[in-house]
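Dear colleague,

I am handing over the structure below, and I would be grateful if you could look through it before reading the notes that follow.

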Amino acid sequence: MAEKKIKTIGVLTSGGDAPGMNAAIRAVVRHGLARGMNVYGIKRGYTGLMEEDIKEMKASDVSDTIEKGGTVLGTARCKEMRTPEGIARAVEVCHKYGIEGLVVIGGDGSYRGAEKLANEGINVVGVPGTIDLDIACTEYTIGFDTAVNTAMEAIDKVRDTSSSHERCSIIEVMGRNAGYIALWCGIANGAEDVLLPERYDYDEQKLIDNIIDNRRRGKTHHIIINAEGVGHSGSMARRIEAATGMETRATILGYMQRGGSPTCKDRVYASTMGCLAVDLLAAGKTKRVVSYCKGEFCDFDINEALAMKKDIDNYQIEICGSLSHNYYKSEAALKDEEL
Ligand code: ATP
């Protein structure tokens, strides 16, 4: 049986905002219009859907948005979506506006809500939007590239002043329970130590010994990148200062990592994913999520995607350690060890 041609679609952003979401919204609107669809922009995620905070979009409604951080549609976390009444209300509103297909830009939680709408006959496609890179089915999520570059630049700045004052700095980066921002910054900023929630086996005494050793070798700073999922940077700094005698400061980068103009990569990948979501809906597909795997844009079944597990790259953890000066061993030192 031929799939029913979809005439009207909606787009919303849900969960935490991420730079590049506007590029995805713009792509859905313009690609949808180019394919002859009517496109509705739904404000404040599922909350706006239930409250009918909905606007029919023209191409000009997304002018001057690709370079902006945040999401022009706004975003929210909506408790009602987790209830049968909430789902029924969301479906009712979709029917009222004739929305047959919905593009949901967000994380795993947003996909769960979308899946429930799909069970009620609304065609849905998810697009991965989160700075945390913690969606298992994809190697790219909208906003990670901008966030990690923002964190990297900020850490460079903290490092300058740490060197001048001969301080140890513990810099906490975002990522919730995922350590991707921390690990990438660990490599990109040449940090002396990186603490990751995925490998939460760190030994504070080893950290202290590293600082003392580095100090003896004449290093003027010591940068520890701590992931949000490990946390406790302030108390860690106090203990390290007491144990090493080196002035130690904690800097929590916080929400600055979620804002700012998206990088070229985030603009281009988010645009591509937004267009792909429209193409999937146009092809009559539903319960799909757009992904990027092994150098290609692709899509997965939403339930399959939600069941996938992801682990941080062991090789990158290894090289992060071997590239930091702590782990560097001269050939002579290695020979000494062999003896
Ligand atoms: P982020 O990675 O930024 O947290 P997310 O999409 O995972 O993004 P959540 O807060 O988990 O963020 O989910 C966003 C919204 O999706 C929720 O506020 C809720 O409206 C909806 N949602 C989450 N989980 C479910 C669920 N199990 N059933 C229905 N709706 C859900």
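**The largest pocket and its lining**

Helix 4 gives six residues to the lining of the largest pocket, which is the largest share. The model is a predicted one, in which local features need pLDDT of at least 70 and side-chain atom pairs count only at pLDDT 80 or more, while totals for chains, interfaces and linings use all residues. Residues are numbered from 1 along each chain as its sequence is written, and side-chain values use heavy atoms, with hydrogens and water left out.

Helices (H or I, at least four residues) and strands (E, at least two) are DSSP runs, numbered from the N terminus. A pocket here is an open set of points on a 1 Å grid over the protein atoms alone, where a 1.4 Å probe fits, with protein on both sides within 12 Å along at least five of seven lines, and its lining residues have an atom within 4 Å of a point. The largest pocket has a volume of about 980 Å³, a volume being the space filled by probe spheres set on the points, which are joined across faces, edges and corners. Its lining is made up of 41 residues, and those nearest the centre are Arg77, Gly107, Asp108, Gly109 and Arg176. The elements that give two or more residues to this lining are helix 4 (108-119) and helix 10 (302-307).

**The ligand**

Around the ligand there are 17 residues, of which Gly16, Arg77, Cys78, Ser110 and Arg176 are the closest; a residue is counted if one of its heavy atoms lies within 4 Å. For polar contacts (pairs of N or O atoms within 3.5 Å), an oxygen atom of the ligand is 2.9 Å from a polar backbone atom of Gly107, and an oxygen atom of the ligand is 3.4 Å from a polar backbone atom of Asp108. A nitrogen atom of the ligand lies 2.8 Å from an N or O atom in the side chain of Lys116.

**Two loop residues**

Most residues other than glycine have a negative phi. Glu166, in the loop between helix 5 (144-165) and strand 6 (168-173), has a positive phi near 55°. His232, in the loop between strand 8 (222-227) and helix 8 (233-244), also has a positive phi, of about 55°.

With kind regards

How values were computed
Polar contact = N/O pair within 3.5 Å; in protein donor to acceptor, adjacent residues only side chain to side chain.
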